[in-house]
Amino acid sequence: MSKDTKKAGHLNLEGERIHWDQDMSYGQYLGLDKLLAAQNPLSGEHDEMLFIIIHQASELWMKLSIHELTAAREEIKKDNLRPSFKMLSRVARIQTQLLQSWDVLATMTPSDYTKLRAHLGKSSGLQSAQYRVIEFLLGNKNAELLRLQENNPDGLKALKAVLDAPSLYDETLRLLKKRGFDIPEDKLERDWTLAYSADKKVEDAWLKIYQNSEKYWDIYELAEKLVDLEYHFQLWRYAHLKTVERIIGFKRGTGGSSGVPYLARALENSFFPELWSVRTRM
């Protein structure tokens with residue numbers, strides 16, 4: 001490398017003029033020093049690195065999901081639906097990424113996992129504050145789950161804020177009311193800390209929208225974005241269940257849950273029940 005090239009702060013590489021001396025590098029912008037130093041296996045087992053990275057990467061995708069869902073909720077609240085469509089579609093695609101992560105984790109055999117399981121202590125994905133924030137944002141609320149964050153002040157604060165606020169679906173129903181649909185008052189102003197329960201009048205409103213999709217096109221499109229979101233979320237839940245079953249069978253979870261039976265019950269929960277039941281009536 002010539003002295004002139006060094007002074008210019010660039011490198012001629014295969015005909016390309018690549019900068020190497022700059023105020024902000026790739027690694028600095030992404031904070032890679034901290035990110036890549038965050039994997040600290042405890043067991044000495046080869047597969048623990050896989051286990052840690054899969055779950056850390058999932059938490060990063062969940063962070064982005066929360067960012068998108070929170071913004072989408074605000075856009076729906078403002079009756080500004082077009083930006084929300086992109087945000088909701090993005091979360092559904094994130095779920096596809098999370099779904100594929102189970103394929104990678106499933107390369108861990110029961111024997112591999114048994115060697116490192118004791119080092120997890122009582123830690124469990126059940127304790128993921130971000131996962132619970134997503135569930136609460138979508139409407140599957142349970143105040144008892146706040147207790148899992150008692151030793152995590154930041155997680156507890158974030159979860160409490162979402163618990164006390166209308167969910168994505170709550171804001172959607174409020175929008176339907178603004179647009180002139182007959183939505184019961186007890187669905188518009190209620191105790192937001194409670195999980196949503198289905199209502200026949202809400203289903204009737206969705207039926208009207210689906211039967212007149214050209215007239216209510218933007219709301220109809222919102223409905224399909226929500227269905228797509230829940231569809232991908234349920235696929236992720238199912239893949240989680242089958243991966244756990246494949247690796248530990250029907251053993252209890254490290255956090256104390258029943259394991260596979262607990263995950264199976266979660267599949268019965270629907271975030272947007274009338275958007276599924278209305279299909280039977282069409």
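Reader: Which residues line the second largest pocket?
Author: The lining of the second largest pocket is made of L35, L36, A38, Q39, I53, Q56, A57, L60 and W61. A pocket here is an open set of points, on a 1 Å grid over the protein atoms alone, where a 1.4 Å probe fits and with protein on both sides within 12 Å along at least five of seven lines, and lining residues have an atom within 4 Å of a point. Please keep in mind that this is a predicted model, in which local features need pLDDT of at least 70 and side-chain atom pairs count only at pLDDT 80 or more, while totals for chains, interfaces and linings use all residues. Residues are numbered from 1 along each chain as its sequence is written, and side-chain values use heavy atoms, with hydrogens and water left out.

Reader: What lies nearest the centre of the largest pocket?
Author: Of its 45 lining residues, H55, S124, G125, L126 and H240 lie nearest the centre.

Reader: Which helix gives the most to that lining?
Author: That is α4, with 8 residues, and α4 also gives the most to the lining of the second largest pocket, with 5 residues. Helices (H or I, at least four residues) and strands (E, at least two) are DSSP runs, numbered from the N terminus, and the protein has 13 helices and 2 strands.

Reader: Changing topic, how many aromatic pairs are there?
Author: The count comes to 12, with rings of Phe, Tyr and Trp (its six-membered ring) pairing if their centres lie within 6.5 Å, and with planes under 30 degrees apart called stacked, over 60 edge-to-face and the rest tilted.

Reader: Why is the pair of Y210 and Y220 edge-to-face?
Author: The planes of the two rings, Y210 and Y220, stand at 80°, with the centres 5.3 Å apart, so the pair is edge-to-face. Because Y210 lies in helix α10 and Y220 in helix α11, the pair ties together parts that are 10 residues apart in sequence.

Reader: Is Y210 buried or exposed?
Author: Y210 is buried, at 9% relative accessible area, whereas Y220 is partly exposed, at 21%; buried means under 20%, exposed over 50% and partly exposed in between, with a 1.4 Å probe and protein chains only.

Reader: Which residues do ring pairs link into a cluster?
Author: The cluster consists of W102, Y131, Y169, Y196, F233, W236, F271 and F272. Within it, F271 and F272 form a tilted pair, 6.0 Å centre to centre with 55° between the planes, and both of these residues are buried.

Reader: What sits over the ring of Y196?
Author: The charged end of K187 does, 4.8 Å from the ring centre, where the rule asks for NZ of Lys or CZ of Arg within 6 Å of the centre and within 35 degrees of the ring normal.
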